[in-house]
Amino acid sequence: MKRQMIVAAVAVLAATPAAAETVVVTADRMVDVVAGTVVEHPAVFIEDGRIKSIADARTVRWGSDVRHIDLSGKTILPGLIDMHVHLDANPLYGGYTGLQFTDSFWAIQGVANARAMLKAGFTTIRNVGSENYADVGYKQAIEEGLIEGPRIVPAAHALGATGGHCDQTYLPPSFKAKGVAVGDGPQELRVKVREQRKYGAEVIKICATGGVFSRNTEPGQQQLSEEEMRAIADEAHQWGLRVAAHAHGAAGIKAAIRAGVDTIEHVSLVDDEGVRLAVARKQPVWFSMDIFNTDYTQAEGKKNGVLEDNLRKDREVAQIQRDNFRKAHAAGVKMVFGTDAGVMPHGTAAGQFRTMVTYGMTPLEAIRAATLNAAEALGRSRDVGAIAVGRYGDIVAVDGDPLKDVGVLTAVKAVIKGGKLVSGD
């Protein structure tokens, strides 16, 4: 009888869920990205990974059962969001130099890239295209606690046209190399949307135009028709997915906007009509312009094996893209933070904040691009993008005031993801 009672008691204890841990994060200051103000002496209470309440640390008290993360002397902000990342890319191996490695090398080295993004303060990223569903694998491994990294919104394989930027363009015909998600015509591309979603994609990436780092394509060249892009967007939206379009050229940008694409990537050669279309469209469209990475590619690309033709294209669009960033922002286009990390080292992504301010944004606008705006563009405003009740306890800490000097974001002092300190003392 006694043994039966012990067994029953153990069973009850096993069936009782463990009490959720409560964490309180305190700092000298907090940037409220919603109000656009700085809050003094915040105390952010996080329970079971989400923010439960926010109080004044000078007046609130907590018990010994609450774990305290003390960030005295620091300013805290929401965890940052990079909307254009390639975890299984590595800028050290350009051109044909990547062929020295076996196929699985690229997924394995991406583990370090995921960790670098997190340590740099990016607690959420959108990975816009990877081989062999690597980004889906990273997401699963991070969620299982096997590797460190940010929250990932994966795109899996990018969709494109035969011979276009998203196809395999570096190898001769004898290799019979073809992009996994390449399709021609609306129906083929609808099928590719369904395939990527089936295997874990949470956003659909397409290549509307040629690109800088592909071979035998030019950035300004439209490669998917408006009809094809509309079919992709309609199919993705039917499944509850959003669409990101790689689009450098003016014609491809405008076709993507008219087709209902949600975010336009790069946007290098956008013209005045494209800017007007973006501002006027009732369904929000966001520009994600990687205006920082060219500093790295022009300085290090040749040494890393990047072909001269690719460096030439990069030089030709770089300043035009930066000037068009200023123009689009001044016109009121909705903007998000996207760096194309993988073209430059992942851990340097926060360097783009300074460049965005140089080309017209205020520090607050640049920060909102990587928090509030990015969360809205992802459709995940209930989860990320602000230090607010109900959202994940994703927080970064810096020295100084980022609303005066956004450059302090390049030296993040602490990173908290879901209420757990993942970087910093």
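Trainee: How many salt bridges are there between domain 1 and domain 2?
Mentor: The count there is 1 salt bridge, meaning a side-chain nitrogen of Lys or Arg within 4 Å of a carboxyl oxygen of Asp or Glu. Keep in mind that this is a predicted model, where local features need pLDDT of at least 70, side-chain atom pairs count only at pLDDT 80 or more, and totals for chains, interfaces and linings use all residues. Residues are numbered from 1 along each chain as its sequence is written, and side-chain values use heavy atoms, with hydrogens and water left out.

Trainee: Which residue does Asp 394 form a salt bridge with?
Mentor: Arg 151, and the closest N and O atoms are 2.8 Å apart.

Trainee: Which strands supply at least two residues each to the domain 1 side?
Mentor: Strand 5 (67-78), strand 15 (414-417) and strand 16 (420-423) do. Strand 15 gives the largest share of that side, 3 residues. Strands here are DSSP runs (E, at least two residues), helices are runs of H or I with at least four, and both are numbered from the N terminus.

Trainee: Back up a bit, where are the domain bounds?
Mentor: Domain 1 is 22-79 + 386-423 and domain 2 is 80-378, with bounds from an automatic or database domain assignment. The contact takes 26 residues from domain 1 and 25 residues from domain 2, where contact means heavy atoms within 4.5 Å.

Trainee: What area is buried between them?
Mentor: About 2000 Å², with carbon and sulfur atoms giving 66% of it. Buried area is the accessible area (1.4 Å probe) that two parts lose on being put together, summed over both. On the domain 1 side, Val 33, Val 406 and Lys 417 supply 27% of what that domain buries against domain 2, more than any other three residues.

Trainee: New topic: is His 248 buried or exposed?
Mentor: His 248 is buried because its relative accessible area is 5%. The cut-offs are under 20% for buried, over 50% for exposed and partly exposed in between (1.4 Å probe, protein chains only). You'll find His 248 in the loop between strand 10 (242-247) and helix 6 (250-259).

Trainee: What does the side chain of His 248 make a polar contact with?
Mentor: The side chain of Ser 268, at 2.7 Å. Not counting residues up to four places away in sequence, His 248 also has Thr 209, Pro 219 and Ile 253 among the residues it touches.

Trainee: Where does Thr 97 lie?
Mentor: In the loop between strand 6 (80-85) and helix 2 (104-119). Thr 97 counts as partly exposed, because its relative accessibility is 28%. A polar atom of its side chain lies 2.8 Å from the backbone oxygen of Gly 94. Leaving out residues up to four places away in sequence, Thr 97 touches Asn 304 and Gly 305.

Trainee: Last one, what's the phi of His 41?
Mentor: Positive, about 50 degrees, although His 41 is not a glycine. Most residues other than glycine have a negative phi. Tyr 133 also has a positive phi, about 55 degrees, and sits in the loop between strand 7 (122-127) and helix 3 (134-143).

Notes: A polar contact is a pair of N or O atoms within 3.5 Å; within protein, one must be able to donate a hydrogen and the other to accept it, and residues adjacent in sequence count only if both atoms are side-chain atoms.
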